Amino acid sequence: LTDHGGFLPHGPGAILTGVLLVVFSFMGSEIATLAAGESENPQQAVTKATNSIIWRVAVFYLGSILVVVSLLPWDSKAIADKGSYVAALDSLGIAHAGQIMNFIVLTSVLSCLNSGLYTASRMAFSLGQRGDAPKAFARTTSNGVPRTAILASVAFGFVAVFFNYKFPDSVFLFLVNSSGAVALFVWLVICFSQLRMRKIIKAEAPEKLVVKMWLYPYLTWA
């Protein structure tokens, strides 16, 4: 943790270089509010989901990275060759570390795919209802499932897979960086919306202000 150039060996600018990739990895946590709209008790669901996201990120993301950097130096050749988690497991002498991590990564990717498909289809459904997308997106089955919106989202997913297959060196990096930039913009809009809407709700209907943010408004500005 202290050798090999110490903390931030390439200076604080390295943090900015990695921001878009990190944002790309963390975006999607806000979909808890979309899912809450379909739950029986949205207030309880949003509170529970948000708190759950915070401790999961702290344990599984930050905690696992802390383990990796505690076991291996940041400039270890093994990290570049095998990936950080596989290299860390190998350093502990755990057999078949690569296969174990591939299974974990596959499970995580399928989870991301599931949440991404859910979000995309519900957004398309909402746009269809407002007339900002084809009306077909707003149609649902007898069970309330927006089938057309889901199928359209799946189709776009396959288009992305095709382009990634044709241009493997450029498409993925473009999607990562553009998604990260869009997510930053979306989060900025959410922050300003919260600053604006909370004032209005507090003045007109304070009883509706049931889910509150910590350290408001300082944390929002930060």
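Helices (H or I, at least four residues) and strands (E, at least two) are taken as DSSP runs and numbered from the N terminus. By this definition, the chain contains nine helices and zero strands, and its pattern along the sequence reads α-α-α-α-α-α-α-α-α. The model is predicted, so local features need pLDDT of at least 70 and side-chain atom pairs count only at pLDDT 80 or more, while totals for chains, interfaces and linings use all residues. Residues are numbered from 1 along each chain as its sequence is written, and side-chain values use heavy atoms, with hydrogens and water left out.

The C-alpha trace spans about 55 × 45 × 30 Å along its principal axes. Of the 222 residues in the chain, 17% are buried (under 20% relative accessible area, with a 1.4 Å probe and protein chains only). The chain exposes about 16200 Å², of which carbon and sulfur atoms supply 69%; accessible areas come from the Shrake-Rupley method with a 1.4 Å probe. Contacts are defined by heavy atoms within 4.5 Å. Among contacts between residues at least 6 apart in sequence, 46% join residues at least 24 apart.

Helix H5 covers residues 84-91, and its residues Val86, Ala87, Ala88 and Leu89 are buried. After H5 comes Gly93, which has a positive phi, near 80°.

Note on methods
Buried means under 20% relative accessible area, exposed over 50%, partly exposed in between (1.4 Å probe, protein chains only).
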